[in-house]
Amino acid sequence: MSTEFVPEELRRAVEHDLRPVRPLPPAWQRTLVVAAVMAVGFAVSLAAFKLTLRPDMDQLPMWLSWGCSVLQLLVGVMLVSMALRESIPGSGVPAGAVKVAVVTAVLMQIVVGIATWMYSPGMPWGEGAIAKSVGCVTQDSTMALPTLFVTLWLVFRALPVRAPVAGLLGGAGAAVTADAITHLLCPMSDLRHVLVWHTGAMLGFMLIGWVAGVLWERRQIRRF
Amino acid sequence: MVVDRQAEEERLIAFMIGYQKGNMDDFGGLYAALKQPLLRYLWTFVRNATVAEDLLQETFLQIHRARQTYTPPRPVRPWIYAITRHVALMHLRSGRRRKEVLPSEELPEVPVPPEMEKLADSATLHRMLSDLPRPAQEVLMLHHLLGLSFEEVGHILGVAAGTAKVRSHRALKALRAQLAEQGGVS
């Protein structure tokens, strides 16, 4: 096949950088990379903050403590996988599925928080609660940010045609997986703490992902 | 027809594999095979042949920059049309739209499949299509004129295959109504 039909300028641009490339691995393989970084991030946070299991762990039924954490981890990994899928043109996730996944992630965190509070009020909300809450958000961030950065890096080095959506999914995935671990560690079940600080942190990570997508897209638009 | 489409898809996959390995001739093959349908698709966004030509170059540059995101042996066309759509939407959002009006004879030619030919002749059909809102136009263009499956259309538009089917059904209904209004086909 000849290249005579290719316009000269385009032909030169392509020929200038025609090195062989290896196709990106499928989304599930890239998800494994993120999962590995996620595990390292969790381990570092646990060691750095000297975190231990919540003191009222034995008052919580198994399904609510470990069961919900495992479920949240799975949902988080699925969200990361959706973000990575979204980064490949022509294999995007249907808009309806994106909405369902993100709403499920947020609702799940809220429902687990309320259920946990109903079984055990945990550490009372009182003096020092704000400082404790700030500490919780710091831990959440330390656990979620490595996952978020790696996910966004993998997303933006491909070609997300709906970058804000991919960023939102990545942010939600990072937030849910971090919350799955925090659920096992945080001693406070008070809803003022859970729904304001933990849910707030989750929404914050989703917002970071979304904004990163918007900025990436703006950079693309500037090319025109 | 089905065999033709399958053979065509296999040919495109072979071009992409060669192109990813650094073969310029395969890039040329890909360009020659997709130039006309991509121009036609771009036209639904910009309605201007000159801009569509410019965007075609930009689309192939984007394809070149993102060539590692194609994984063989997945179908090539949904991947390429998704990139094309991305380029067109970025162009529209950039606000740099040209004002020239395109005479209809300059529209890039795309063969009309038999089921669409039943409705009207090719020229009328293309003109009618231009009058529809863009989402309707896009789904009709991708499925009925360019021959992509609803699943592929869904992947390109970021919606479920069922949603693409419903959009296409509504668009076809609107097209038929327009034709009936003009005394064409009931």
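Within chain B of this predicted model, 12 residues of domain 1 are in contact with 13 residues of domain 2, contact being counted when C-beta atoms, placed from the backbone, lie within 7 Å. On the domain 1 side of chain B, helices H2 (24-46) and H4 (76-94) each supply at least two of the residues that touch domain 2; helices are DSSP runs of H or I, at least four residues, numbered from the N terminus. H4(B) gives the most to this side, with five residues. By class, the domain 1 side comprises seven nonpolar, two polar and three charged residues, where Ala, Val, Leu, Ile, Met, Phe, Trp, Tyr, Cys and Pro count as nonpolar, Asp, Glu, Lys and Arg as charged, and the others, Gly among them, as polar.

Turning to the two chains, their contact takes 34 residues from chain A and 40 residues from chain B. On the chain A side, helices H1 (8-16), H4 (95-119) and H7 (191-221) each supply at least two residues, and the largest share, five residues, comes from H1(A). This side of chain A has 22 nonpolar, seven polar and five charged residues.

H6(A) is largely enclosed by the rest of the structure, because 20 of its 23 residues are buried, that is, have 20 or more other C-beta atoms within 10 Å of their own.

Residues are numbered from 1 along each chain as its sequence is written, and chains are lettered from A in the order in which they are written. Local features need pLDDT of at least 70 and side-chain atom pairs count only at pLDDT 80 or more, while totals for chains, interfaces and linings use all residues.

Definitions and conventions
A residue is buried if 20 or more other C-beta atoms lie within 10 Å of its own, exposed if 12 or fewer, and partly exposed in between; C-beta atoms are placed from the backbone.
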